[in-house]
Amino acid sequence: MNTQIMKKLFLYPAALYADKEPTQVVTILGSCVSVCLWDPVKQIGGINHFMLPLWNGQGLASPRYGDIAIEKLLSQLLELGSLKRNIKAKIFGGGEVLDFKNATFNIGARNIEIAQTMLNDLNIPIVARSVGGKLGRKILFFSDTGEVRMKFVGKEKPEQDSTT
Amino acid sequence: MNREQITDEFLLSELRKRFQEKEQAINELESMTQELKNVNTKLKESEQLKSHFIANINNEIINPFASVLGLSRSILDVKANDWEKVKYMAKLIFVEAHNLDFQLKNIFAAAEIEAGRVYPQISNVNVVQVIKGVVEDFENDLNAKRLTVEVFNETGLADKGTFYFKTDSEKFKLIMSNLISNAIKFSKGSNIEVRVSLETKDLVVAVKDYGIGISENNKKIIFDRFTRIDTGINSVNRGHGLGLSVVKAFIDLFNGDIKIESLMGKGTTFTVIIPEPDSTQNIDGYSAEGNEIFFDDDMEVF
């Protein structure tokens with residue numbers, strides 16, 4: 001793979017990326033979840049990085065929230081010309097890393113839950129996932145092939161629910 | 001026999017435990033339902049506010065544009081040597097244009113945040129100078145209300161005019177513009193104080209006004225989009241109610257915090273806390289530098 005000249009991007013929390021241009025997107029996930037959507041037919045893809053499951057009407061309706069992040073990512077892929085029936089999903093993150101900023105402790109689990117529920121409702125198959133556990137994850141997403149390279153970050157040995 | 005006794009006790013405690021669990025579950029469900037109800041009303045309100053917002057665009061954008069156009073046409077018609085008149089009208093154009101620019105920046109910032117296209121562009125920023133620049137931009141509104149803004153550099157540096165901090169200068173500027181604009185709007189004839197300090201590597205900026213204050217209820221909704229505390233027909237204040245929601249989103253992006261202290265009739269202090277970009281140890285935190293990740297043998301491929 002020609003990884004040298006590909007466009008590279010570091011995806012911030014609450015951001016979202018989808019483009020026709022093949023891009024390597026890196027992001028770091030703790031209790032946050034990233035949904036990677038990609039279309040193998042058109043070879044385009046996109047990724048989000050949400051921090052909380054649902055927008056509760058507070059602040060701006062940004063992709064900081066799972067429901068909005070997933071909806072917006074899908075609509076961007078459709079705008080780029082993908083057909084919904086071709087789109088596949090991979091989900092990552094949602095670890096129970098201690099995050100004192102969030103009062104609710106099971107934020108990771110709720111983030112995973114919203115991703116799975118929404119994708120099921122949208123009839124988008126989840127073809128790979130690495131979610132939960134107690135560790136953070138670094139992922140590298142190739143927007144054209146949909147390939148995801150993942151590395152755990154943190155101290156403990158991974159104990160996650162992982163299926164490919 | 002012995003076993004039965006244990007079983008009885010065990011059963012009782014087990015029963016109690018289960019009842020407690022059930023009660024807890026019911027409580028949780030009740031609070032969830034309540035939360036859902038709240039969210040539902042909020043979403044409905046949000047929709048209404050959105051239509052209100054679109055209706056407002058007329059006042060907020062078309063009208064200032066009409067003034068700019070009219071004024072610049074008048075300047076073209078001014079007789080030679082009447083500099084005072086030109087200067088006066090140019091000033092009015094500046095005020096309208098500055099206001100437009102400010103409103104549009106908020107609208108575009110909100111749109112970008114909602115589209116998930118916001119990235120911090122960190123550089124070394126002289127925050128004191130940025131704040132003073134913002135104050136200058138609002139000079140006209142300040143004069144109109146006979147207000148002054150005092151900027152205090154409490155970082156302990158000898159040079160009071162400079163304090164460098166690694167942040168996103170454009171976003172920081174918009175945060176300050178919104179807070180200062182707000183302070184001006186709600187001030188009741190006294191000065192506004194801006195204090196810049198450094199607390200364990202965090203930049204702390206407090207904007208204090210001696211205005212009408214914010215009620216406890218309004219504190220909860222003040223960062224929601226399209227929310228305007230002052231929506232009466234006689235409202236002299238302009239704005240879309242996007243400013244503070246943009247402030248909040250940018251501060252979230254910086255992994256920072258914003259606090260409101262307010263006393264009705266006495267005034268309000270907004271305190272912004274922005275951590276140094278690389279100091280965040282939080283795994284969900286970010287640092288664009290140092291994230292050239294090495295994916296070696298240890299990685300998994302999906």
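Student: Into which domains is chain B divided?

Tutor: Chain B is divided into domain 1 (2-111) and domain 2 (122-279), the bounds coming from an automatic or database domain assignment. This is a predicted model, in which local features need pLDDT of at least 70 and side-chain atom pairs count only at pLDDT 80 or more, while totals for chains, interfaces and linings use all residues. Residues are numbered from 1 along each chain as its sequence is written, with chains lettered from A and ligands numbered from 1 in the order in which they are written.

Student: What makes a residue of domain 1 of chain B part of the contact with domain 2 of chain B, and how many residues does each domain give?

Tutor: Two residues are in contact if their C-beta atoms, placed from the backbone, lie within 7 Å. By that criterion the contact takes 15 residues from domain 1 of chain B and 13 residues from domain 2 of chain B. On the side of domain 1, the elements that give two or more residues are α1 (2-77) and α2 (83-115) of chain B, and the largest share, 9 residues, comes from α2(B).

Student: Which residues of chain A and chain B meet under the C-beta criterion, in number and by element?

Tutor: Here 39 residues of chain A are in contact with 32 residues of chain B. Among the elements of chain A that each supply at least two residues to this side are α1 (66-79) and β9 (148-153), and β9(A) gives the largest share, 5 residues. Helices (H or I, at least four residues) and strands (E, at least two) are DSSP runs, numbered from the N terminus.

Student: Why are β9(A) and β8(B) called paired strands?

Tutor: Two strands pair if DSSP finds at least two bridges between them. β9(A) and strand β8 (residues 300-301) of chain B are joined in the antiparallel sense over 2 bridges, and therefore count as a pair. Within this pairing, Arg149(A) stands opposite Val301(B) in β8(B).

Student: What makes β8(B) an edge strand of the sheet?

Tutor: The open sheet has 5 strands in the order β1(A)-β3(A)-β8(A)-β9(A)-β8(B), with mixed pairing. Its edge strands are β1 (7-10) of chain A and β8 of chain B, each of which pairs on one side only.
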